[in-house]
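Work through the exercises below with the model open beside you. Each task comes with a stepwise solution.

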Amino acid sequence: MILFIAKRAAQAVLVMLVVALIAFALFRYVGDPINNMVGQDTTFEQRQELRQTLGLNDPFFVQFARFVGHAVQGDFGQSYQLRQPVSELIAQRFPATFELSMVSALMALVIGIPMGVYTALNRKSISSRLFMTLSLVGISLPTFLIGILLILFFGVILRWLPTFGRGEVVQIGWWSTGLLTKSGLESLIMPAITLAIFQMTLIVRLVRAEMLEVLRTDYVKFARARGLKPRTVNFTIALKNTLVPVMTIIGLQVGSIIAFAIITESVFQWPGMGLLFIQAIHQVDIPIMAAYLMLIALIFVIINLIVDILYVVVDPRLRVSGK
Amino acid sequence: MSVLLDIDGLKVVFESRHGDVTAARNVCLSIASGEILGVVGESGAGKSTIGNAAMGLLERPGKVAGGTVTLEGERIDGLPPEAMRRLRGAKISMIFQDPLTSLDPLRTIAEQLVTTMTTHLPLSEREARKRAVALMHEVGIPDPEARIDDYPHQFSGGMRQRVVIALALCAEPNVIIADEPTTALDVSIQAQILDLLRKLVRTKGAGMIIITHDMGVIAEIADRVAVMYRGEVVEAGPTRKILGDPDHDYTKSLISAVPRPDVKLDRFPLVEHIESAGSRRSLDLKTHWLGQKRDYGALDGPLLSVRDLEMTFRVGSMFGGGRRSVNAVDGVSFDIAAGETFGLVGESGSGKSTIARLVTGIYQPTGGAIVFAGTDLAGITRRRELNRHRRQMQMIFQDPYSSVNPRKKVGAIVAEPILFHKLAGSRAEVNRIVADLLDHVGLGAKVAGKYPHEFSGGQRQRISIARALATRPRFLICDEPTSALDVSIQAQVLNLLKDLQAELGLTMLFISHDLPVIRQMCDRVAVMRRGRIEEIAPTEDLFERPQNEYTRHLLKLMPKMTGAAA
């Protein structure tokens, strides 16, 4: 088990190095970093000097090693536009995105999985059909449209909820949380729903399809033939088997919620990383883009690692080197 | 002997939009304690439907439309679901066919046994566990205290079937319905499991219905037999009487379709009554595409020569940890002469199928040589050259369901090899050839526009055969081509293969675990065990005068239809 985790972790490091290479290439070769930093009236000699002091004349591997070394310590240099350390900017924005993503992921799971199970067990009932039709609507509506409709309805017409921003936040160390104030929670509702709807419908459909598959297997039939209680058959046996393949997809979805909250953040002017990233793209602020790339890759890698470990915990067939 | 289960005039229908389909009608069966009743018939005969109906496990849209089911004097058809659930497992239980899929892969044997016991019996978890250990001992699982906490995947197929039996019996039911309990197992394991079932029925005074398509199993274990055909019991009586002197025409043809272990026949006697044998419109092979370009030139020596073939797989071990290698094929040599049918027989894991995959190039051997028509296949590096050889050998796989692409029409499936190897000039010619091939294997040219799911297993195997013929091969590798099929369909497919061989002068490598089938099909046989050949001999010699001890052991296990021989 420990060997397995070590192996996976080593693979994760390799993935991160490859991403770092891409991020570094972006940094170093998209445009000239010196041009991005200095004004137009800087002389050629000053530029050369800066190049030398920044180490841009060093061999490729030395530069890459330095980049990775700094990145490991969370140092991605200065933002070109905002003239602040990138790590600070990200640290300011990350809690907003993280809270939004986690709340909506939780929403998607807590509603999505039971609904998937329900629609699989009561395949023919009217409410299942209704759920499935609604989920089709949820899966086909673009995120920004849902967001705008929510704003229109609850923000503009009913005036129940704030339409933009995070509301009041409470600072706990470097982490700013909106979960502890009324306005913070109110502001969270609409963006979280917007972000959750697509994931939720996906999970409903995924769980339903997988569960229907499992309910047709011999071991479920055999469990019924042994007179086990429907609750045991459906939940202890069928649901557990359903969740094995579903776990991977859910893991990746949680990753993509964090990574691609961009649209939702734009719609609701949510001061998260997505918004920061969009602005960085507009202004060709490469250090921010590189850091964002690395961070998202790291999140995906960590989630994958967790999913892999969960797999081994749940499925005994994968405990290859157990015992 | 008291009657435990009595089924009287049972009728089961499946409701559909196009009206009701009757799956079983007027079925009357009964079993007494200590008795084993065999229900035999081919797929679609309604055997399993009867079992499911008695258990209250019919899935929608199926329902009992008439008749009664009485369990130990109490009527149980039409009981509400919860009352029926309480009976299942406790009074009447079921053993499933495939031990690899009937156990929950995520829970230990102990958990599965204990849940079942505590559901039905007033036991604490600890008592249940103690009983579970005793029961595992009873069904012949060695070292039950240690193994009870293992997961299903840590057991072999035969051991898993013992676990399934333990699970079915753990709440002490008096009636057991065993639905094809040994079909997925090797002969030697089959014999053990049948022994175990017989012993359990006798000692516990339970009654068992054994549902099977296999006459050999019936002959081995059943006291009485009911023969089912199209949802009806056409004949019932003591096993000896039914197998030895059947009255009904269907029973007669069914028995004649069972490959005889004791004597080789030229063809299987025709099996009417069953899925239409498909009238073959034979082609004039002298002029037809299929018969042309069959002149491969004279051959010195055998068509296929396998020398010291080795195949090593590296696998991660389930238990010890670390990797180890398995010699799936370990120094195998044999020759197949042109026009010969060469049999490979052995139990699962003996390396038979691996050899088929090595010969066709699906696997690369780790050692040894495969010489086809005088060319060493390992020496061929150019793809075009390799394709030229591959065209000459084709394979027919075991599972007719997964070996044809479900998303393609039959015509396209058969046309694919012709197009790939560019064997025909125009699309129109290809279509004509495909139509002729489908006609030739007895499916009829019209089926080209249909999809595989519209066909039965036997028909799909005919599609596979047509596809194999589409490259105009000279060498056919049949890997258990009929082991997924009913006996009568098997007889038809084997007849077809024999006919094609005679017409086209095909050479065949015929792989099977089924000794009687081997006897009917092959000129020479090699017996395999653990990657090695134990004995090679002409078929009749092998069956009449086996030299090798393992061969003798296998022949002894071969189920005999005692009745039929009488």
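**Exercise 1: Loop and strand residues with positive phi**

Arg159(A) has 9 other C-beta atoms within 10 Å, so Arg159(A) is exposed. The cut-offs: a residue is buried if 20 or more other C-beta atoms lie within 10 Å of its own, exposed if 12 or fewer, and partly exposed in between, with C-beta atoms placed from the backbone. This is a predicted model, in which local features need pLDDT of at least 70, side-chain atom pairs count only at pLDDT 80 or more, and totals for chains, interfaces and linings use all residues. Residues are numbered from 1 along each chain as its sequence is written, while chains are lettered from A and ligands numbered from 1 in the order in which they are written.

Task: Locate Arg159(A), then classify Asp308(B) by its C-beta neighbours.

Solution.
- Step 1. Arg159(A) sits in the loop between α7 (143–157) and β1 (170–172) of chain A. Helices (H or I, at least four residues) and strands (E, at least two) are DSSP runs, numbered from the N terminus.
- Step 2. Arg159(A) is not a glycine, yet its phi is positive, about 55°.
- Step 3. Asp308(B) is not a glycine either, and its phi is positive at about 50°. Asp308(B) belongs to strand β11 (residues 304–316) of chain B.
- Step 4. Asp308(B) has 13 C-beta neighbours inside 10 Å, so it counts as partly exposed.

**Exercise 2: A sheet in chain B**

Task: Give the strand order of the open sheet of 6 strands in chain B. Then place the helices α1(B) and α6(B).

Solution.
- Step 1. The order is β6-β7-β8-β3-β9-β10 (chain B), and the pairing is mixed. Two strands pair if DSSP finds at least two bridges between them.
- Step 2. The edge strands are β6 (92–95) and β10 (232–238) of chain B, each pairing on one side only. From one strand to the next, the twist averages 20°.
- Step 3. β6(B) and β7(B) run parallel, joined by 4 bridges. Ile92(B) stands opposite Val175(B) in β7(B).
- Step 4. Strand β3 (residues 36–40) and strand β9 (residues 224–229) of chain B also run parallel, with 4 bridges. Here Gly38(B) stands opposite Val225(B) in β9(B).
- Step 5. In a regular strand the side chains alternate between the two faces of the sheet. Both faces of β6(B) are covered: Ile92(B) and Met94(B) are buried on one side, Ser93(B) and Ile95(B) on the other.
- Step 6. Helix α1 (residues 47–55) of chain B lies across β3, β6, β7 (175–179), β8 (207–212) and β9 of chain B, at about 150° to β7(B). Helix α6 (residues 157–169) of chain B lies across β6 and β7 of chain B, at about 170° to β6(B). Axes are lines fitted to C-alpha atoms, for helices over the stretch in contact, and angles run from 0 to 180 degrees between N-to-C directions.

**Exercise 3: Two helices in chain A**

Task: How do the axes of α5(A) and α12(A) cross, and which residues meet?

Solution.
- Step 1. The axes of α5 (residues 86–121) and α12 (residues 273–282) of chain A come within 7 Å and cross at roughly 130°.
- Step 2. That makes α5(A) oblique to α12(A). Angles under 35 degrees count as roughly parallel, over 145 as roughly antiparallel, 65 to 115 as roughly perpendicular and the rest as oblique.
- Step 3. Leu89(A), Ile90(A), Arg93(A), Phe94(A) and Thr97(A) in α5(A) meet Met273(A), Gly274(A) and Leu276(A) in α12(A). Residues are in contact if their C-beta atoms, placed from the backbone, lie within 7 Å.

**Exercise 4: Val493(B)**

Task: Is Val493(B) buried or exposed, and which residues does it touch?

Solution.
- Step 1. Val493(B) lies in helix α16 (residues 487–504) of chain B.
- Step 2. With 26 other C-beta atoms within 10 Å, Val493(B) is buried.
- Step 3. Not counting residues up to four places away in sequence, Val493(B) touches Gly458(B), Gln461(B), Pro481(B), Thr482(B) and Leu485(B).
- Step 4. Ser483(B) is 10 residues from Val493(B) in sequence and 11 Å away in space, C-alpha to C-alpha.

How values were computed:
Two residues are in contact if their C-beta atoms, placed from the backbone, lie within 7 Å.
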